[in-house]
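Colleague: I would like a close look at one part of this model, and then a short tour of the other local features that can be read from it. Please keep the criteria in view as you go.

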Amino acid sequence: MFPSLLTSVLLTALLSVPAPTSTLLTTDPVRAPHRITHQLVRLADAVPPGESIEVMTYFLGSRSLEQALARAFARGVRVRVVVEAATVREHPESVRLKRLLDADRTDTSWVRLAHGSTRGPGGAMHQKTWRFSRVGTTPYVTVTGSYNAGDLADSRAHAVMWQWVGADVYRAFAAVWDAQVRREHGPRPLRTAGGAGWSAYFSPLSSQAAAGDPVLRRLATIPARRGTVVRIAMYSMWGTRGDRIAERLAAMARRGARIVLLAGPTVSYDVRAILRGGGVAVLPGCFADGTYTHSKDMSATYVADGRRRYWTWVGSDNWTTDGTASDEAVLGIESRAMHDLFTAYVERLRTRPGGVFESACHPRGAE
């Protein structure tokens, strides 16, 4: 009777947790360094037995997240994790979790190491996505963005993640997950998905041509005129791809759009020069204390079809040439409320003192 009673108590506790809602999660290395970590732990701890947690993350370097996934596995949750093999040496958490989950080859829980992109040659498995089939009584919870799951990253990087509740987004990410686990390569690896009020894309890109770049395609749909406001927080932007995107943004600014970019540690001098030449406000996203924006995110508000639109795109895709070969995921949401949350995040960084560029930027522990 005792095990049944214990199981009943556990299930009652799990099913009584507050229902997660769709929102934008942010972490602040100065004021709230573990906010996203703590939320992921809460979500993992509320997944009932028989459900699943599937993680696709560049690295796992958080002891608390390792323990939360181990707890979920112990109570009968299927836990499957993919990490980039090149990061394992520096992060023993992923090694310990792999040892635990892989001990019994007959179950369906495991940790797998990706040696580069899972759906193309070269690159890296750079995506950062956590999916929970059910949290308490709430099904289909997806958390995705730029957050690296590590204790050191928590103390150094400003990062953003969507927490999204909905079957359509969950299933779109699940379909790509299945292809990644199967290492499904093809001539056109770029995948896109979308529905009412959302869109997503999944790298690698199919080619280096500008016409196939989902960022340039997105910018082409945004009216370049007065009344359009674009806010960007970008960790890395350089090379041919970075220059192309910068030239498009500069052209939009010349035609009246207001564009602000927070430049992270590896936004190149050439990119910043192109942007400033067009009238884009380029502000520091790297700070004298060694913290920095790790975002790869953008919002836009503009008038189209007679009404004002509010879009925000959050993901793991740095705007660089090298990044086109890696596994990345970006989710865009049309919502005034979500746009306002991202605007507040940008404003916190924009008004933060101690911003620096170039040689004065010494990011601690940047990827």
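Over the ring of which residue does the charged end of R131 sit, and how many Å from its centre?

Modeller: The ring belongs to Y170, and the charged end of R131 is 4.9 Å from its centre. The criterion for a charge over a ring is that NZ of Lys or CZ of Arg lies within 6 Å of the ring centre and within 35 degrees of the ring normal. This is a predicted model, in which local features need pLDDT of at least 70 and side-chain atom pairs count only at pLDDT 80 or more, while totals for chains, interfaces and linings use all residues. Residues are numbered from 1 along each chain as its sequence is written, and side-chain values use heavy atoms, without hydrogens or water.

R131 also belongs to the lining of the largest cavity, together with E54, V55, M56, Q127, T129, F173, W177 and Q180. Two or more of the lining residues come from each of β2 (52-57), β6 (128-135) and α6 (167-181). Helices (H or I, at least four residues) and strands (E, at least two) are DSSP runs, numbered from the N terminus. The volume of this cavity is about 50 Å³, and the whole structure holds three cavities of 30 Å³ or more. A cavity is a set of points on a 1 Å grid over the protein atoms alone where a 1.4 Å probe fits but cannot get out, and lining residues have an atom within 4 Å of a point. Points are joined across faces, edges and corners, and the volume is the space filled by probe spheres set on them.

The loop between α6 and β10 (191-195) contains R183. R183 is not a glycine, yet its phi is positive, near 55 degrees. With 39% relative accessibility, R183 counts as partly exposed; buried means under 20% relative accessible area, exposed over 50% and partly exposed in between, with a 1.4 Å probe and protein chains only. E358 has a positive phi too, near 50 degrees, and is found in the segment after β21 (355-356). Its relative accessibility of 48% makes E358 partly exposed. Most residues other than glycine have a negative phi, and most peptide bonds are trans. P204 is in the loop between β11 (198-203) and α7 (214-220).

The rings of Phe, Tyr and Trp (its six-membered ring) pair if their centres lie within 6.5 Å; planes under 30 degrees apart are stacked, over 60 edge-to-face, and the rest tilted. W311 and W313 make a stacked pair, 5.7 Å centre to centre with 10 degrees between the planes, and both are buried. F342 and Y345 make a tilted pair, at 5.9 Å and 35 degrees. These two, F342 and Y345, are also both buried. They are about one helical turn apart because three residues separate them in helix α10 (residues 336-350).

Helix α3 (residues 63-74) has twelve residues and spans 16 Å from first C-alpha to last, close to the 16 Å expected at 1.5 Å a residue (the expected span being 1.5 Å times one less than the number of residues). Its buried residues are L65, E66, A68, L69 and A72. They lie on the same side of α3 because they cover an arc of only 165 degrees around the axis, the arc being that of the directions from the helix axis to the C-beta atoms. After α3 comes G76, with a positive phi near 100 degrees. In helix α9 (residues 269-277) the buried residues are V271, R272 and L275. These cover an arc of only 95 degrees, so they share one side of α9. Y269 and G277, on the other side of α9, are exposed.

Finally, I36 is in helix α2 (residues 35-45) and counts as buried at 1% relative accessibility. I36 and V160 are 124 residues apart in sequence, with 8.4 Å between their C-alpha atoms.

Terms used
1 Å grid on protein atoms, 1.4 Å probe; cavity = no way out; pocket = protein on both sides within 12 Å on 5 of 7 lines; lining within 4 Å.
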